[in-house]
Amino acid sequence: MSEATGPVIEMQGIVKTFGPIQALRGVDLQLDRNEVLGLVGDNGAGKSTLMKVLTGVYQPDSGKIFLNGSPVRFESPHDSRQAGIEMVYQDLALAGNLNVAENIFLGRERTRSYLVGLFRLLDHKGMVREASALLERLRIEIESVKFLVGTLSGGQRQAVAIGRSAGFEAQVVIMDEPTAALAVREVGKVLDLIEVLKEHKVGVILISHRMQDIFTVCDRIMVLRQGTKVGDVPRADTSMDEIVALITGAQEQLLPREQEVA
Amino acid sequence: MTTPDIPVPSVRIRRMPWLRVLLDRFGIALALIVLMTILAILSPEFFLSRANLTNVARQSAVLALLALGQFLVILTAGIDLSVGAVMALSMILMALSTHSMYDWYAGYYAQSASASLPEPQSALILTTISVIAIAIGMVTGLGVGLINGWGTTKLRLPHPFIMTLGMLNIARGATDLISGGAPITGLPKQVRVFGAGNIELFQMADGEWFSIPMAPVIVIATYLIFWFFLTQSRLGKHIYAVGGSPQASLYAGVNVNKVLNTVYMLCGGTAAIAALLLAGRTNSGYPKAGVGIELDAIAAVIIGGASFFGGRGTVIGTFIGVLIMGFLRNGLNLLNVSVFWQEVAIGAIIIAAAYVDVLRRRAANME
């Protein structure tokens, strides 16, 4: 559905202010397909605001967003989802009283027409089948998609949440602290899943405070400080100490040469 | 860093033992069967008689409809305290509009010189009046329900308790204002048929007709429609989702406000159907109808296994909850147990049912 070259997402000069507070002061972001970008920064550095601009929760005061090279404007999260940008929320946004398949299809249920389109009824079987296929494709192992999400472990729920976002036509998946609430042994599974998404040519933006996670899965790391991009560097060319120094301001900036600001 | 051999995330699932699954799914039905068996043993000559069962079915019809609407609301973790008052308002407006339309037409007919006008008592006129009056009653219920929904979705009141408590008083007050506090009696049979009519099925050997009352048939039909709607439609699934997690539903692109408005509107709608049945049974509209019945409706829903936290419960469970309350009151009456003890028993059952839900949540690790 899209050309295979060039960045899937490009944000240019994004500015966003809330009253007197300048949350984003002209931030650029670039994401290639099958790239995992780590987005780090202190609390209030603007990570979440930037992602909310990208998903249409907020509209930027100025700046441009390109999807596969063409300019886009998202008025609501619904718009960005339609365009294939999905957000996995920190607080495991699943309904515990519904089963795995129902959660995966929540808000986009498959229906079938009956009596010449007079009735549109849920296609339960089709959804169960497709949900199972999706989990299999992403190597998420849950015995049955008919299990209630409330009975799953935190890691399994996170996997379902990610699987649900990666879902069907996602080009970009944004994850906000996907491992924050997980037991240590479950963190690895979520990171594995990020690798699987990458294999499936999905671009991933990972927001995390856990440097180990960032350094395990990310190809590139972007650092925000006080609404400004101060770091953008391939993982291979940097170290945890350097990233931490950028986050705290101990080091001024580390950007590709053409982006450097005097 | 290519890892061709990504370890498959392994998963352990808590399996429910079959007994728990059985109790979880059919516990409430078992409770009903046990209750009926006990009553059948204690009162062998009356309890299972057709007259008695018909009586229970008729008496439970109003509660069944109110409980069904209440069930939808409770599924979204809400509550509707106004159902009894909305029923009374709808009933009074139905009765009042019947009377005023009839009086107006009778006056017009008396004045008119034209001989071609149908008589006020003719089937055509009475049917027309009845249809309009029933429509007024339905619109009242649905409209007030929608306003209840707006209390949460537009006014953003902290809890539907507040909005519907306010509406309880408004609707009850409006009912008294409209009626002057006095009942309005005498309704055409086209209105009464739904609450008081019988469906004659076949002639028995003794020449008498085997008939079943209309009211429970309407109740069962309404329950079937709601069941189908809840389990087979997108909106129905969204009602469960909103009850389970409004936030998750919002993130998933579910129009949560639309779901809530629909639910309160349908709850008002079932109150209007209940009003129609009650008006038929009593051949009147009376302003004190359904005082306090909202609490019975809530009780029936909780006894029926729905969770007060939202997102859990079934239409059939609610139906059984209504039957348990109906049979319990009926059975204790047959056994000459004081009305006061009946209230104590029902109170204890409500608490027990809610405690079962707590246990269930704990077992499912959903706390």
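This is a predicted model: local features need pLDDT of at least 70, side-chain atom pairs count only at pLDDT 80 or more; totals for chains, interfaces and linings use all residues.
Residues are numbered from 1 along each chain as its sequence is written, and chains are lettered from A and ligands numbered from 1 in the order in which they are written.

**Chains overall**

- Chain A contains eight helices and twelve strands; helices (H or I, at least four residues) and strands (E, at least two) are DSSP runs numbered from the N terminus.
- Chain A has a radius of gyration of 19 Å, close to the 18 Å that the globule rule gives for 262 residues, and is therefore as compact as a globular protein of that length. The radius is taken over C-alpha atoms, and the rule is 2.2 Å times the number of residues to the power 0.38.
- Along the principal axes, the C-alpha atoms of chain A fill a box of roughly 65 × 40 × 35 Å, and 44% of the 262 residues count as buried.
- In chain A, 65% of the contacts with a separation of 6 or more are between residues 24 or more positions apart; a contact requires C-beta atoms, placed from the backbone, within 7 Å.
- Chain B contains 13 helices and four strands, and its C-alpha trace spans about 95 × 55 × 40 Å along its principal axes.
- Of the 367 residues of chain B, 43% count as buried. Residues 24 or more positions apart make up 77% of the chain B contacts with a separation of 6 or more.

**The six-stranded sheet of chain A**

- Six strands of chain A form an open sheet with mixed pairing, in the order E6-E9-E10-E3-E11-E12; two strands pair if DSSP finds at least two bridges between them.
- Strands E6 (85-88) and E12 (228-234) of chain A stand at the edges with a single partner strand each, so one side of each has no neighbour in the sheet.
- On average, neighbouring strands of this sheet are turned by 20 degrees against each other, direction ignored. Axes are lines fitted to C-alpha atoms, for helices over the stretch in contact, and angles run from 0 to 180 degrees between N-to-C directions.
- E6(A) pairs in the parallel sense with strand E9 (residues 172-176) of chain A over four bridges, and A:Val172 is the bridge partner of A:Ile85.
- E11(A) and E12(A) run antiparallel and are joined by six bridges, with A:Leu224 opposite A:Lys229.
- These two strands, E11(A) and E12(A), form a hairpin with two residues between them, and A:Gln226 in the turn has a positive phi of about 50 degrees.

**Helices across the sheet**

- Helix H5 (residues 154-166) of chain A lies across E6 and E9 of chain A, at about 170 degrees to E6(A).
- Helix H8 (residues 240-248) of chain A lies across strand E3 (36-41), strand E11 (220-225) and E12 of chain A, at about 25 degrees to E11(A).
- The buried residues of H8(A) are A:Ile243, A:Leu246 and A:Ile247. Seen down the axis of H8(A), they fall within an arc of 100 degrees, so they line one face of the helix; the arc is that of the directions from the helix axis to the C-beta atoms.
- The buried residues of H8(A) pack against E3, helix H7 (211-217), E11 and E12 of chain A.
- A:Gly249, with a positive phi near 95 degrees, follows H8(A).

**Contact between the chains**

- The contact takes 30 residues from chain A and 30 residues from chain B.
- On the side of chain A that touches chain B, the elements giving two or more residues are helix H2 (77-82), strand E8 (119-122), H5 and helix H6 (184-199) of chain A. H6(A) gives the most, with four residues.
- By class, this side of chain A has 13 nonpolar, eight polar and nine charged residues.

**Two positions in chain B**

- B:Thr318 is found in helix H12 (residues 315-334) of chain B and counts as buried because it has 31 C-beta neighbours inside 10 Å.
- Not counting residues up to four places away in sequence, B:Thr318 touches several residues, including B:Ala67, B:Phe71 and B:Gly304.
- B:Leu224 lies in helix H7 (residues 214-232) of chain B and counts as exposed because it has 11 C-beta neighbours inside 10 Å.

How values were computed:
Ala, Val, Leu, Ile, Met, Phe, Trp, Tyr, Cys and Pro count as nonpolar, Asp, Glu, Lys and Arg as charged, and the others, Gly among them, as polar. A residue is buried if 20 or more other C-beta atoms lie within 10 Å of its own, exposed if 12 or fewer, and partly exposed in between; C-beta atoms are placed from the backbone.
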